[in-house]
Amino acid sequence: MAAALGEDEIDNDDYYSLLNVRREATQEELKASYRRLCMLYHPDKHRDPELKRQAEQLFNLVHQAYEVLRDPQSRAIYDIYGRRGLEVEGWEVVERKKTPAEIREEFERLQREREERRLQQRTNPKGMISVGVDATDLFDRYEEDYEDMPGGGFPQIEINKMHISQSIEAPLTTKDTAVLSGSLSTHNGNGGGSINVALRRVTSAKGWGEVEFGAGDTQGPLFGMKLFRNVTPRFFVTAQCGMQFSSRGVRPGVTTVLARHLDKNTMGYLQWRWGTQSAMNTSIVRDTKTSHFTFALQLGIPHSFMMMSYQYKFQDEDQTKIKGSVKSGFFGTVVEYGAERKISRHSVLGATVSIGVPQGVSLKIKLNRASQTYFFPIHLTDQLLPSAVFYATVGPLVVYLAIQRLIIVPYVRAQKEQDLEKQRESLASDIAQKKQEAETAVLLMQESVRRIIEAEESKMGLIILNAWYGKFVTDNSRRHERAKVIDVTVPLQCLVKDSKLILTEASKAGLPGFYDPCVGEEKSLKLLYQFRGVMHQVLSGDTEPLRIPKQSHRIDAET
């Protein structure tokens with residue numbers, strides 16, 4: 001049952017919007033709103049047969065919403081599943097004495113069972129393709145060496161190494177998972193490959209263990225074990241050992257990692273590695289909403305080093321990040337800086353400039369597409385040439401801006417329009433029905449609105465002069481787009497009580513007399529109203545709560 005309900009997006013706010021009450025509304029608030037709407041839509045108030053029939057439909061809809069929300073059990077089911085959940089058979093076997101909290105626990109249990117079923121079908125593929133490019137001929141060459149060669153006037157750019165790896169997971173049971181991975185590598189014409197199989201078992205809520213077998217043409221068979229254990233809620237341990245068999249004998253290796261939460265955003269790590277590259281490493285990692293900081297110190301063979309990196313996260317829609325790091329040790333010193341940005345729903349593009357002594361200058365481009373990674377390290381020069389640093393920094397930025405403007409932005413816009421069009425087509429019949437219901441509701445409100453206006457005018461109260469709901473185009477760069485709004489003056493005036501209008505935080509598309517004029521697009525509510533003879537104006541977001549009148553809405557106060 002949970003699987004059937006969870007596949008589609010469910011709108012849980014329809015009934016709350018229809019009654020114009022908060023999701024936390026009390027029984028008294030529900031009853032007051034219900035009585036008000038019943039007086040408005042009661043069929044006996046209308047003599048015209050057609051209006052009487054339409055009023056009866058709206059009256060029944062309001063009654064249905066009230067009956068669901070007034071019953072604690074039905075309300076709990078509706079809050080979780082939406083209207084579709086109330087239509088599913090089987091809820092009658094749930095004990096009436098169960099509280100909403102117990103119903104939510106039942107829902108979570110069904111969710112877990114559904115996740116277990118999905119687990120059997122999930123392979124979670126991950127892959128990486130790395131292509132190393134040697135472009136040193138662009139900045140560091142002797143012109144006379146190429147004068148007599150065909151095409152010698154053009155720099156030679158070569159691919160000198162490649163690496164491809166792929167892994168898939170195969171859940172065997174809810175606790176056991178098999179992982180199959182393989183890789184192929186080549187460097188300057190020499191290469192090889194390997195394949196690994198790992199069996200992982202979750203032993204408890206605090207830990208898991210893994211056994212790994214592997215083989216390759218450049219290295220012999222591999223056998224390894226890995227254990228993870230949460231010692232306390234703030235401290236965990238990882239231990240790994242392995243044996244690599246080759247013609248030279250057996251090469252054992254052991255790695256142990258101790259990790260502890262120093263505070264809510266900071267982790268401390270201590271690692272000891274023994275084997276072909278023995279070392280001790282300690283690091284501190286601090287990750288917050290706006291930044292990521294790492295400090296690491298390693299003493300070992302063949303490399304000892306100190307590293308510090310910092311990343312700043314912009315709080316924008318594209319999740320832009322800029323980063324920089326310094327790493328210094330027996331091998332030399334490397335300074336890196338770069339940025340990454342989300343370019344589509346599932347893709348992140350990043351570029352990093354690496355400047356090192358004696359490594360030279362390199363440009364690293366990385367594209368993450370879902371669970372696949374494409375990595376292109378481009379070696380520009382073995383020396384520290386200012387021209388290489390300049391082009392490595394400016395070149396990717398210029399190329400990105402050109403691609404962003406000419407390809408990415410038009411593609412994303414077209415994709416969004418296509419998705420919206422599909423959504424509109426799938427909901428066309430529902431929207432047409434909602435529109436008809438809204439128009440009917442406006443007709444039924446006319447007499448009540450006339451009386452409300454007369455009462456408000458007599459005491460210089462709240463009069464809604466004009467109200468529009470939908471998509472407004474105010475940005476000059478979007479003037480080519482067409483505004484999509486509907487007139488909701490009558491429905492809002494009908495909700496005025498004692499010279500006040502109060503709207504909850506739910507989407508206003510569900511209010512009586514409203515419908516969604518632009519499915520899937522951002523909507524607002526714009527009001528021009530009069531209170532105590534003074535003009536007021538306000539623009540409110542679709543899901544923002546609104547309470548009028550307010551002094552800050554006065555038009556003369558703005559001018």
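Contact here means heavy atoms within 4.5 Å. A few friendly notes follow.

1. The model is a predicted one, where local features need pLDDT of at least 70, side-chain atom pairs count only at pLDDT 80 or more, and totals for chains, interfaces and linings use all residues. Residues are numbered from 1 along each chain as its sequence is written, and side-chain values use heavy atoms, with hydrogens and water left out.

2. Look at Phe 228, which sits in strand β6 (residues 222–232); strands are DSSP runs of E with at least two residues, helices are runs of H or I with at least four, and both are numbered from the N terminus. Beyond its neighbours within four places in sequence, Phe 228 touches Lys 206, Gly 207, Trp 208, Phe 236, Val 237 and Thr 238. Lys 206 lies 22 residues away along the chain, with a C-alpha separation from Phe 228 of 8.2 Å. Phe 228 has 19% relative accessibility and so counts as buried (under 20% relative accessible area; exposed is over 50% and partly exposed in between, with a 1.4 Å probe and protein chains only).

3. Asp 137 is worth a look too: this residue belongs to the loop between β1 (126–134) and β2 (158–171). Asp 137 is buried, at 8% relative accessible area, and its side chain reaches the backbone nitrogen of Gln 156 at 2.7 Å.

4. Finally, the helices: α3 (residues 27–41) and α4 (residues 49–70) pack at about 170 degrees, their axes 10 Å apart (axes are lines fitted to C-alpha atoms over the stretch in contact, and angles run from 0 to 180 degrees between N-to-C directions). Residues of α3 including Leu 30 and Tyr 34 meet residues of α4, among them Phe 59 and Val 62.

Key
A polar contact is a pair of N or O atoms within 3.5 Å; within protein, one must be able to donate a hydrogen and the other to accept it, and residues adjacent in sequence count only if both atoms are side-chain atoms.
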